[in-house]
Amino acid sequence: MMLRNICRYHRQFGQFIWPFPQGHHIPSLSTRIQKAKYASAITERKKFYENVSISQGEGGVFEINLDKRKLKTPGGKLFTVPNEALAIAVATEWDVQKDTLKFYTMHITTLCNTALDNPTQRTKQQMISAALKFLDTDTICYRVEEPAGLVELQTNEWQPIMNWIEQRYSVVIGSSSSIMGPQIPEETKETFRQHLNSYNFWSLTGLEYVITQLKSLILSFGLIDRHLSVEQAVLLSRLEEEYQIQSWGNVEWAHDYDTYELRARTAAGAMFVHLCSESTAVKRKILQD
């Protein structure tokens, strides 16, 4: 059942690119060294292993084995994940690599590394506060007054998701055409803070990444709650740009490339959130099926 779920997530969320959340505070020397290790890790290198397997370690965590070597993070920690579903996803990324390891295609592995090493050394509460800041500048809260076509498009496409989230979480958000944006009630922010606090640190790593891609807490919640698909969430986040393209045209290949890249990054974070919430066991032999 879990393997089918993972395959379903993969079909839904598509192919990913290298996701890497960034912090907002001034890093310490050790943090800068840690980030330098990550920067140097985003490369290609010759494949050095033949077989990939997973094993359960102390405390019930799962490890990834490359031949007889245990995988480690860029920061030098033993690479461990909290459940078997996530371990299978990581092992699959390593298993499908050919002669050259293309680390920038190993999106789930990268998010795991981020959660394990925490290169910006943030706490869970700092991550929650960073995510909530996006509510004040949320993409779908800002409406235009002209042209009429875009006004109508924003109303028809954005208002339904705004209505959904206000009903879903019993909050008031609103929208505004002012450059200052709407005044978000503190009660609304507290409700979302409590909701974000229900996520574990790993899931927050993926969720925050989704939020930074869509520039929208609202669209991200819609995606994670399965109210929106990846394609829908990305389209809604780019609504004004899509309108301009329809009016003025676009560079033939650049627009499609940017859209696919954004879908991939958004999908990676969403899939990571769901896998980090998975706790059902899977028989190890399915890796060999």
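This is a predicted model: local features need pLDDT of at least 70, side-chain atom pairs count only at pLDDT 80 or more; totals for chains, interfaces and linings use all residues.
Local features were taken only at pLDDT of at least 70 and side-chain atom pairs only at pLDDT 80 or more, while totals for chains, interfaces and linings use all residues. Numbering starts from 1 along each chain as its sequence is written, and side-chain values use heavy atoms, with hydrogens and water left out.

Start with helix α4 (residues 107-117), which packs against helix α3 (residues 84-95): their axes come within 8 Å and cross at roughly 125°. Helices here are DSSP runs (H or I, at least four residues), numbered from the N terminus; axes are lines fitted to C-alpha atoms over the stretch in contact, with angles running from 0 to 180 degrees between N-to-C directions. The pair is therefore oblique, the label left over once angles under 35 degrees (roughly parallel), over 145 (roughly antiparallel) and 65 to 115 (roughly perpendicular) are set aside. The crossing of α3 and α4 is left-handed, meaning that the near helix is turned anticlockwise from the far one by less than a right angle. On the α3 side, Leu86, Ala89, Val90, Glu93 and Trp94 make the contact, meeting His107, Ile108, Thr109 and Cys112 of α4 (heavy atoms within 4.5 Å). By class, that gives six nonpolar, two polar and one charged, where Asp, Glu, Lys and Arg are charged, Ala, Val, Leu, Ile, Met, Phe, Trp, Tyr, Cys and Pro nonpolar, and the others, Gly among them, polar.

α4 also packs on helix α8 (residues 201-214), at about 125° with the axes 10 Å apart. This makes α4 oblique to α8 as well, but here the crossing is right-handed. Leu111, Cys112, Thr114, Ala115 and Leu116 of α4 touch Phe201, Trp202 and Thr205 of α8.

As for charge pairs, the model has eight salt bridges (a side-chain nitrogen of Lys or Arg within 4 Å of a carboxyl oxygen of Asp or Glu). In one of them, Asp225 meets Arg168 at 3.6 Å, N to O. Asp225 sits in the loop between α9 (217-224) and α10 (230-237) and Arg168 in helix α6 (residues 148-169), so the bridge ties together parts 57 residues apart in sequence. Arg238 pairs with Glu242 at 3.4 Å; Arg238 is buried at 9% relative accessible area, and Glu242 is buried at 14% (buried is under 20%, exposed over 50%, partly exposed in between, with a 1.4 Å probe and protein chains only). Glu261 bridges to Arg265 at 3.7 Å, and both lie in helix α12 (residues 254-276), four residues apart, about one turn of the helix. Finally, shared partners link Asp136, Glu186 and Lys189 into one salt-bridge network.

Conventions:
Helices (H or I, at least four residues) and strands (E, at least two) are DSSP runs, numbered from the N terminus.
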